[in-house]
Amino acid sequence: MSSRKPLLQTKGLGIQFGGLKAVDEFNFSIDNNQLFGLIGPNGAGKTTIFNLLTGVYTPTSGQILLDGKTINHSSPTQITQMGVARTFQNIRLFKDMTVLDNVKVGLHHSHQYSLLASILHTPSYFKGEMAMDEEARSLLRVFDLEKFANVKACNLPYGKQRQLEIARALATSPRLLLLDEPAAGMNPTETAELMETIKVVREKFSVAILLIEHDMKLVMGICEKICVLNFGTVLAFGTPDEIKNNPDVIAAYLGNDA
Ligand SMILES: Nc1ncnc2c1ncn2[C@@H]1O[C@H](COP(=O)(O)OP(=O)(O)OP(=O)(O)O)[C@@H](O)[C@H]1O
């Protein structure tokens, strides 16, 4: 057994909103390059966990450790800089910006100019802009989006908008990518394409992926481990087969979809 630290770990993590324990005693860990699914019915606490892991909410109990160091009080920006990126349940692209510019927004953290350089458009500014352009285009290529580089994000087909969100998240060079219902609203063809994309992203970018998803075919098809939440607490942990065959899970969540 290796003694190395998990990439991200939670210990007794919880948050309470008034009298409601939205997440309680959540213990979980994810290793580099692992693909983990987080499932459960509506209101189980999945998105709240993402909000805790990304600094949107501060836990009321427990700990979140990234590389073994607590990030309980880190801001969303600091957590992004530490290598955690996310997408949202409802698409949050800059709809009136081009596809290329949406990705460049994500790259800005690694290409910073002085205020003077950006106002005066100095040669170093142009060099940086060109490098960023090329980096953004190479990311778009992975998603077969380069042909849409100059199209406004809002004019992309829905499935492609979801893929662009993932591309933008990857532009921040994460080690952990949190995907919140990436297949929501997709048709079966788009979902199948997304499934392949997630596999490619994991391999090509060497990221760990934590995936919230209601589409059981997608979750069962790509995740190595799955955590099932119910009323803010863990109902089951296991491989897809273990989860499919867990009677509590079948009774409570999966019904005939498993
Ligand atoms: N800021 C908040 N204030 C009060 N209650 C909240 C807040 N955020 C989440 N909740 C509550 O916490 C519970 C968990 O919500 P959450 O959105 O995390 O569920 P979910 O599992 O992501 O559901 P879904 O699958 O529908 O997205 C819900 O009862 C929700 O109303």
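At what angle do the axes of helix H3 and helix H6 cross? In this predicted model, the axes of H3 (residues 99–107) and H6 (residues 158–170) cross at roughly 30°. They come within 7 Å. The crossing is right-handed. On the H3 side, the contact is made by Val-99, Asn-102, Val-103, Val-105 and Gly-106. H6 contributes Leu-164, Ala-167, Arg-168 and Ala-169. By class, 6 of the contact residues are nonpolar, 2 are polar and 1 is charged.

The strands were examined next. An open sheet of 4 strands has the order E2-E1-E4-E5, and the pairing is antiparallel. E2 and strand E5 (69–70) stand at the edges. Each has a single partner strand, so one side of each is left without a neighbour in the sheet.

The pairings can be followed across the sheet in order. Strand E1 (residues 8–17) pairs with E2 over 7 bridges, in the antiparallel sense. Here Ile-15 stands opposite Val-23 in E2. Helix H1 packs on this sheet and touches E1, E2 and strand E4 (61–66). The direction of H1 makes about 65° with that of E2. E1 is joined to E4 by 5 bridges, and these two strands run antiparallel. Gln-9 stands opposite Leu-65 in E4. Leu-65 also stands opposite Thr-70 in E5. E4 and E5 are joined by 2 bridges, again with antiparallel strands. They form a hairpin with 2 residues between them. In the turn, Asp-67 has a positive phi of about 50°.

Strand E2 (20–30) and helix H1 (46–53) each supply at least two residues of the shell around the ligand. H1 gives the most, with 3 residues. The residues around the ligand include Phe-17, Leu-20 and Ala-22. Gly-40, Asn-42, Gly-43, Ala-44 and Gly-45 are also among them. The shell divides into 4 nonpolar, 7 polar and 1 charged residues.

Note on methods:
Residues numbered from 1 in each chain as written. Predicted model: local features only at pLDDT ≥ 70, side-chain atom pairs only at ≥ 80, totals over all residues. Near = placed C-beta within 6 Å. Nonpolar A, V, L, I, M, F, W, Y, C, P; charged D, E, K, R; others polar. Pairing = 2+ DSSP bridges. Contact = placed C-beta atoms within 7 Å. Axes fitted to C-alpha atoms, helices over the stretch in contact; angles between N-to-C directions. Left-handed = near helix turned anticlockwise from the far one by under 90°.
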